[in-house]
Amino acid sequence: MEFESYDRRHLEGVLDICLEEGWQSYTTDPDRTHRALTAPGVTTIVATEGGDVCGFSQAQSDGEIQAHLSVLAVKKAFRRQGIGQKLIEKSFQEAGGTRIDLITDDAQGFYQSMAHSVKLGFRLYPDAEPTD
């Protein structure tokens, strides 16, 4: 397994993973996804096996204190092999920071297996109506 910084040649493999996850916000416009994965302050790491992308992470960071894990995904066929944890480690190394925050819909068990503290969080949408 190789871990390296994302570049355009990885885009198709990343999109395949996003398609497998049902993430239309990434698969609808590949050029937009590439821009998001290479934006200033973003660190995107890919895990490859034989040149094929089998996982990726995207982190945003100030490089000193705060980082945010925006995306972590591993192809279903490659899960439970330590790839996700290694992607997080590489994200920390490359992006910098002393902590990394994240939100998850369905991977609580994975993240709970690492040293962590639980904090209340919100995902805000600019055009949505407030809810109680």
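A salt bridge, as the term is used here, is a side-chain nitrogen of Lys or Arg lying within 4 Å of a carboxyl oxygen of Asp or Glu. Side chains of opposite charge can pair when their charged atoms come close. The model before you is a predicted one, and the structure holds five salt bridges.

One of them joins Arg9 to Glu4, with the closest N and O atoms 2.6 Å apart.

Another salt bridge brings together the side chains of Arg79 and Glu21, at 2.4 Å from N to O. This pair links distant parts of the chain, since Arg79 sits in the loop between β4 (66-74) and α4 (83-95), while Glu21 belongs to helix α1 (residues 11-21), and the two are 58 residues apart. Arg79 is partly exposed, with a relative accessibility of 37%, and Glu21 is likewise partly exposed, with a relative accessible area of 26%.

The side chains of Glu89 and Lys86 also meet in a salt bridge, with 4.0 Å from N to O. Where do Glu89 and Lys86 lie relative to one another in helix α4? They are three residues apart in this helix, which means that about one helical turn separates them. Glu89 is partly exposed at 36% relative accessible area, and Lys86 is partly exposed at 32%. Elsewhere, salt bridges that share partners join Glu4, Asp7 and Arg9 into one network.

The chain contains five helices and five strands, and, when it is read along the sequence, they follow the pattern β-α-α-α-β-β-β-α-β-α. A compact globule of 132 residues would have a radius of gyration near 14 Å, and the 15 Å of this chain agrees with that. Along the principal axes, the C-alpha atoms fill a box of roughly 50 × 35 × 30 Å.

Of the 132 residues, 32% count as buried. Among contacts between residues at least 6 apart in sequence, 56% join residues at least 24 apart. The accessible surface of the chain comes to about 8,900 Å², and 47% of this belongs to carbon and sulfur atoms. Finally, to return to charge, the chain has 13 positive and 21 negative charges, whose mean positions are 3 Å apart.

Terms used
Residues numbered from 1 in each chain as written. Predicted model: local features only at pLDDT ≥ 70, side-chain atom pairs only at ≥ 80, totals over all residues. Heavy atoms only, no water. Helix = DSSP H or I, 4+ residues; strand = E, 2+ residues; numbered from the N terminus. Buried < 20%, exposed > 50% of the residue type's maximum accessible area, 1.4 Å probe, protein only. Rg over C-alpha atoms; globule rule 2.2 N^0.38 Å. Contact = heavy atoms within 4.5 Å. Areas by Shrake-Rupley, 256 points an atom, 1.4 Å probe, with all protein chains shown as cover. Lys, Arg positive; Asp, Glu negative; His and termini not counted. Charge placed at Lys NZ, Arg CZ, Asp CG, Glu CD.
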